[in-house]
Amino acid sequence: MKALLSLIDMSLENQRSILIELNSLLADCTQDLFDLGIKFENAGLLEKLLIQIIKHNLSIATLSKGSYIKIRENELMMDDLTAVYSIARLQIETFVNLSYLFFLEFEISQELRISIYKIQGLNQQISLTSKHSKKFEPVAKMRNELAEELKKLRNLSEFKLASKKEKTKYTKPRYARLKKPDEIYDMIKIGDLSKTHSLYSNHIHSEYISIRQLNSAIQNTEQISNSISTVIILCSRITSLVITNFTSKYEIENNSFSKKSDILGEKIDALNKMYGK
């Protein structure tokens, strides 16, 4: 009951405290991978995505405190709602990728998912280096990495059994994922985040709708506080699901995860049952 009452309290200070507590637990669980010497292919990629989740949470927690700017000898408190929304969008995308690549079980093998994810990213990055020589060291390194990933891809049974059209889609993927975001939202049971993602995208692209929303918020400081609290509880839901899936998938529940307080455990259970609208 105490944990539920804490989640219901939408005050900015309370929600920030919950996110910081969850983020600290995720950091401890991530460290367990190293301390326990758990090794597997693409462990480095998993760790990088987990660290991204942790860093995004830290940034949002810091931004939620606001900052001061000096104007004509007066200090004015300002909240950067656009930055908060932009990082929240990055958090959603990181969470989707993390779940798609490592946590979810469906008809496409994890090996194929990760291979396509890497190949699409490398192709995109190489396309931005057209003005450089192929022998330029950073470019050569990327091209060698791409060649290695393509070799791994062609050795997968799924690739060997694929049609010619599918093979082309795999070697020159247009998207990093073979599933649409809505399909992934449904599988990870967090509800439809598409509307939320679109709202935050408006801000990251400085579209006019975001300017209107900011103008409205500036005239109502309580609205800014409520908006940031909503972002924070979304990040808490994401972090809670990441902790649960991560510790379960890699069987490390008996380490840092088991040392959490009873109240934090209840908060995690409650957050995991929440569905987006």
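Is Cys29 buried or exposed? Cys29 is buried, with a relative accessible area of 0%; buried means under 20% relative accessible area, exposed over 50%, and partly exposed in between, with a 1.4 Å probe and protein chains only.

## Basis of the report

This is a predicted model, in which local features need pLDDT of at least 70 and side-chain atom pairs count only at pLDDT 80 or more, while totals for chains, interfaces and linings use all residues. Residues are numbered from 1 along each chain as its sequence is written, and side-chain values use heavy atoms, with hydrogens and water left out.

## Overall architecture

The protein contains 13 helices and two strands. Helices (H or I, at least four residues) and strands (E, at least two) are DSSP runs, numbered from the N terminus. Of its 277 residues, 44% count as buried.

Among contacts in the protein with a separation of 6 or more, 74% join residues 24 or more positions apart; contact means heavy atoms within 4.5 Å.

Helix 5 (residues 110-127) has 18 residues. From its first C-alpha to its last, helix 5 reaches 26 Å, close to the 26 Å expected at 1.5 Å a residue; the expected span is 1.5 Å times one less than the number of residues. Its buried residues include Leu112, Ile116, Tyr117 and Leu122. The buried residues of helix 5 pack against helix 3 (43-63), helix 4 (81-103), helix 6 (137-154), helix 7 (157-161) and helix 8 (164-171).

Ser99 lies in helix 4. Ser99 counts as buried because its relative accessibility is 1%. Leaving aside residues up to four places away in sequence, Ser99 touches Leu104 and Ile188.

## Cysteines

A search of the whole structure finds zero disulfides, a disulfide being a pair of cysteine sulfur atoms within 2.5 Å. Cys235 is buried, with a relative accessible area of 1%.

## Loop residues with positive phi

Glu73 is found in the loop between strand 1 (67-71) and strand 2 (74-78). Its phi is near 70 degrees, a positive value in a residue other than glycine. Glu73 is exposed, since its relative accessible area is 65%.

Glu251 is placed in the loop between helix 12 (221-249) and helix 13 (262-272). Phi of Glu251 is near 50 degrees, also a positive value in a residue other than glycine. With a relative accessible area of 69%, Glu251 is exposed.
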